[in-house]
Amino acid sequence: MIKNTVTCKGEIRITIWTGYTRGVNLGGWLSQCPHTRERYETFIGEEDIHRIRDWGLDHIRVPVDYELVEDAQGARREEGFAYIQRAIDWSRDCGLNMILDLHKTCGFSFDAGEHECGFFEDAALQERFYRLWEEFARRFGRYADTLSFELLNEVTEQRYCAAWNRIAAACIARIRAIAPTVKILVGGYWNNSIEALPDLLSPPDGNIVYTFHCYEPLIFTHQGAYWIPGMDLDFRLSADTSYGEMEACSRRELKHWHASFDGLDPAGRLDAEYFAERFAEAVRVAGERGAGLYCGEYGVIDRAAPEDQLRWYACIHEAFERCGIGRAAWSYRAMDFGLADKRLDGVRERLLALL
């Protein structure tokens, strides 16, 4: 993992996770999707992996739901494992690395609409989770030179913290018995927030990567989002809006979400420093603990104007580069954030340089 280090905010040095510096998510293919053969066969093809390589990226993050590889009782679905194998083969053939991300496990999803519950309280569901990861390790651990494992996407509530640390530690130990060197990504509560990283378990070995997600300022990146309670679907916001106005809009449109504008000049505008200040805590924690650091999701909803998206990407890109943080944008196609979608045809070349 360690090739060189960078200094962020003048004092903390972190390792650069080589091979996972600039990537994209394949959301909606094997996760958050109709679990049908038609979807698996048509949403992403080998030509898309070639296109991602030609974009100049070095890896893909592939979210998968447990329904892909298990039936309701937990029996294996061989055809589902075959789709994961196909993704691995395609990425290796193109010289890309890959993260296998378990986006939903039986008993838990970041999306309350999935009606998954009980995972953090039920030992049987936790055992099912461990066994699934042991199966992934047996089948795919031999690709540790180009493949990494992400245990679970976006733990939601802070009250799950202690249980999640215990579950993650147990799962890592069981994976290690089969795949001793594969990189393993672990994120915290509040949907992989930076604020949760200090409460994560200490890395049990040198192949652990702390992961977080960044969609700040949420009022900009999720403007008009239909899945946010109370959001006006017609609400739009420029990336050049002042912090003071963003905060006012957040209070109005994001009634149940925290708005992160404390300490900012109300007249100020979005810049790289905004993100560097937020990344500093993640850099500190990862640097002190010797963990890798990675942003598994970031992006802007397709309601935002393309030129405004470019400004946001330019700011976060500068901060990622300054801090040496690898990342994968959300998402390659559709999913309300698609980078390959026609709406971005006029700016895509400039945008790709900012991933």
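Modeller: Let's start with burial: buried means under 20% relative accessible area, exposed means over 50%, and partly exposed lies in between, with a 1.4 Å probe and protein chains only. The areas come from the Shrake-Rupley method, and for residues only the protein chains shown count as cover. This is a predicted model, in which local features need pLDDT of at least 70 and side-chain atom pairs count only at pLDDT 80 or more, while totals for chains, interfaces and linings use all residues. Residues are numbered from 1 along each chain as its sequence is written, and side-chain values use heavy atoms, leaving out hydrogens and water.

Colleague: Thanks! Is K104 buried or exposed?

Modeller: K104 is buried because its relative accessible area is 3%. The side chain of K104 also forms a salt bridge with E114 (2.8 Å, N to O).

Colleague: How do I read a salt bridge, and how many are there?

Modeller: Side chains of opposite charge can pair when their charged atoms come close. The rule asks for a side-chain nitrogen of Lys or Arg within 4 Å of a carboxyl oxygen of Asp or Glu, and the count comes to 33 salt bridges. One of them joins R61 and E297 at 3.0 Å, N to O. That pair links distant parts of the chain, with R61 in strand β4 (residues 59-65) and E297 in strand β10 (residues 292-298), 236 residues apart. Both R61 and E297 are buried. Helices (H or I, at least four residues) and strands (E, at least two) are DSSP runs numbered from the N terminus.

Colleague: What about D336 and R303?

Modeller: Their side chains meet in a salt bridge too, at 3.1 Å, N to O. D336 sits in the loop between β11 and α12, and R303 in the loop between β10 and α11 (306-323), 33 residues apart. D336 is buried because its relative accessible area is 18%, whereas R303, at 24%, counts as partly exposed. Elsewhere, salt bridges that share partners join R61, D101, E150 and E297 into one network.

Colleague: Let's turn to the backbone. What is the phi of D336?

Modeller: It is near 70°, a positive value in a residue other than glycine. H115, also not a glycine, has a positive phi of about 60°. H115 lies in the loop between β6 (108-109) and α5 (123-140), and its 69% relative accessibility makes it exposed.

Colleague: Next, the surface. Which residues form the negative patch?

Modeller: Patch residues have over 30% relative accessible area and no salt bridge; like charges are joined within 9 Å, and nonpolar side chains (Val, Leu, Ile, Met, Phe, Trp, Tyr) within 5 Å. Lys and Arg count as positive, Asp and Glu as negative, and His and the chain ends are not counted; a charge is placed at NZ of Lys, CZ of Arg, CG of Asp or CD of Glu. Here E46, E47, D89 and D93 form the negative patch, and α2 (46-54) and α4 (78-93) are the elements giving two or more residues to it. Y226, W227 and L233 make a nonpolar patch of about 330 Å².

Colleague: Last one: what does A168 contact?

Modeller: Contact means heavy atoms within 4.5 Å. Leaving aside neighbours within four places in sequence, A168 contacts L151, V186 and L201. A168 lies in helix α6 (residues 161-176) and counts as buried, at 0% relative accessibility.

Key
Accessible areas come from the Shrake-Rupley method with a 1.4 Å probe; for residues, only the protein chains shown count as cover.
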